Amino acid sequence: MFERADDVVERVIQHLRRPVAIDPGLDARVLREIAQAPPTNRRGWPLWSALAAAAVLGAILIARPWSRDETNRSDLLQFVFVAPRAASVSLVGDFNDWDPARSPMQTAQGVWATAVRLAPGRYRYAFLVNGVDWRADPGAPTARDDEFGTASSVVTVGGRGS
Amino acid sequence: MGIERVESSDAELVRRVRAGDIGAYGALVSRYRDRLGRYAVHMIGDHEDAEEALQDSFVRAYRSLARCYDPARFGAWLYGILVNRCRTTGARAARRHRMFVRDADALNGAAHGDQADRVEWTDAIERALARLAPEYREAFLLKHVEDLEYEAIAELTGAGVSALKMRVKRAREQLQLYLREAEHV
Amino acid sequence: MILAALLMVVQVAAQDPRLERLDPGTRSAVSAVVDSARGDGLPVEPLIQRALEGATKGAPGARIVAAVRRLTVDLGAARLALGTNASAAELEAGVAALRAGATPEILAHLRDLRRPPLTMALSVLADLVASGVPADSAAAAVLALAPHARDADLVEFRRAVERDIALGAPPGAATSIRVNAGAENVFSGTGTNPGTVPRPRRP
């Protein structure tokens, strides 16, 4: 059936105007990237504002010292958790003997953060809020094999080319 | 927890970001993500590259926020950053194979009947768009899909209004031609 | 008698001091499992960490011991599949992959396809399953990417699949689409049985 040229183009326009699904996780990735490298021309924006930009959760790699020996290599990761009403948040996991006293987190504007140096490997971890409330990291893969009834997350530090 | 959402104007949110409230920038990102994302996806033709361009544009906008001289027009200013960023990606993507996997329908796989027709039509449109010269595609999308006035597009792209009108006209003609060809294949 | 007492003191002293966070009965049982694992050449740090996790979370002693025992068994299974040269990190990641549903054959196949360390590849496989991807699809995807993808590429792949799932794609379809778009060794569809994949020719 003959269709007027303008009608074809109008159909195209209507089709292209349909909403396109953009991953809502992009918001978090933007804030994470901002948090990784605070701008140099901040004009007085405090350092914690950059960390607060990580209202996204998930360990952020912030430093990788160069080393030929992969077995001795370690990465500095920043863990971030948003809990505006918490009195305390600790990072606990396979890298600190699950000891809440080892990695207490610092807070600014309700965003809690701490940095941990990790050798290559797979680590289970969680956040302990107010000393009693176990929270997994929504920005990280889930540790499925939880045998103790509370949620945990996983971070893996790679070796070659990571 | 997560990103703060506040029903404030762009100008107010920009003011708060400059005062150190990064949550306010998250609100700006949420506000513009889908709309700018639509442009990026159709301009670049690859969902992943488009999201990368979008992410990059948001980060660049944050880092150069001091140069947003009219915070009330933050959206338009951000558009300009994205349009430029898409030009770079477009050049790269043209040299690679691209997947036209673009929305949940396609990801779910067209079964038959209406869904299959829709996927086919989507593909035909995207192929036709991809065949347009980049400057034609850019002008067409900004005018007809993003509904910007020619003066605003001129400001974003640096092209004159007459040149833009010609590009949009050519884009319409070529799209119509390519889609007719596709029907007869 | 004095000798036996001395030997007991020595044995207690050899226990990892971190295990003192456990009650005496649990500590003794866990230490026995740890010692046995050490004797078998398995890494013991994961076992100790699992016990400490249980202690911090206030789990009953019996559950802690059971968890440590189960991990020991699974570390042994991972080592059988990955070989005695596998590092502790690879074995831990191998355990995660096995518990996610990967077969020992898949782990062995991965060992043949990819230069060590395999930690990230195994982790990504386990993490994909945790996101809802069927185990066979996850395994097929990782095996397809294994020969050439860097660790960072595997991480990006996992994130991309998670994004697609968040956008509403069925997990298996999201995985196979991503693999078909990017991998040189392509698996078609989600129903491929990784066990039928031909092994690559050895040089």
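Two residues count as being in contact here if their C-beta atoms, placed from the backbone, lie within 7 Å. On that basis, the contact between chains C and A takes 29 residues from chain C and 27 residues from chain A. This is a predicted model, so local features need pLDDT of at least 70 and side-chain atom pairs count only at pLDDT 80 or more, while totals for chains, interfaces and linings use all residues. Residues are numbered from 1 along each chain as its sequence is written, with chains lettered from A and ligands numbered from 1 in the order in which they are written.

**Where chain C touches chain A**
- On the chain C side, helices H3 (45-56), H4 (61-82), H5 (88-100), H7 (119-130) and H9 (151-166) each supply at least two residues; helices (H or I, at least four residues) and strands (E, at least two) are DSSP runs, numbered from the N terminus.
- The biggest giver to that side is H5(C), with 6 residues.
- By residue type, the side of chain C that touches chain A splits into 13 nonpolar, 5 polar and 11 charged. Nonpolar means Ala, Val, Leu, Ile, Met, Phe, Trp, Tyr, Cys and Pro, charged means Asp, Glu, Lys and Arg, and polar means the others, Gly among them.

- H3(C) and H4(C) pack at an angle of about 155 degrees, with their axes 9 Å apart. Axes are lines fitted to C-alpha atoms, for helices over the stretch in contact, and angles run from 0 to 180 degrees between N-to-C directions.
- That angle makes H3(C) roughly antiparallel to H4(C) (under 35 degrees is roughly parallel, over 145 roughly antiparallel, 65 to 115 roughly perpendicular, and the rest oblique).
- H3(C) and H4(C) cross in a right-handed way (left-handed if the near helix is turned anticlockwise from the far one by less than a right angle, right-handed if clockwise).
- Residues meeting here include C:Leu47, C:Ala51 and C:Ala55 from H3(C), and C:Ile64, C:Val68 and C:Leu71 from H4(C).
- The residues of this H3(C)-H4(C) contact divide into 9 nonpolar, 2 polar and 2 charged.

**H9 of chain C**
- H9(C) has 16 residues, which at 1.5 Å a residue should span 22 Å, and its end C-alpha atoms are 23 Å apart, so the two agree; the expected span is 1.5 Å times one less than the number of residues.
- Among the buried residues of H9(C) are C:Leu154, C:Phe157, C:Arg158 and C:Ile165 (buried means 20 or more other C-beta atoms within 10 Å of a residue's own, exposed 12 or fewer, partly exposed in between, with C-beta atoms placed from the backbone).
- After H9(C) comes C:Gly168, with a positive phi near 110 degrees.

**Chain B**
- Chain B has 9 helices and 0 strands.
- Of its 185 residues, 41% count as buried.
- Take the contacts in chain B between residues at least 6 apart in sequence: 63% join residues at least 24 apart.
- H2 (residues 22-44) and H3 (residues 47-63) of chain B pack at about 140 degrees, with axes 9 Å apart, and are therefore oblique to each other.
- The H2(B)-H3(B) crossing is right-handed, and its contact residues include B:Leu36 and B:Val41 of H2(B) plus B:Leu54 and B:Phe58 of H3(B).
- The residues of the H2(B)-H3(B) contact divide into 11 nonpolar, 2 polar and 1 charged.
- B:Trp121 sits in helix H6 (residues 114-131) of chain B and is partly exposed, with 15 other C-beta atoms within 10 Å.
- B:Trp121 and B:Leu179 are 58 residues apart in sequence and 9.3 Å apart in space, C-alpha to C-alpha.
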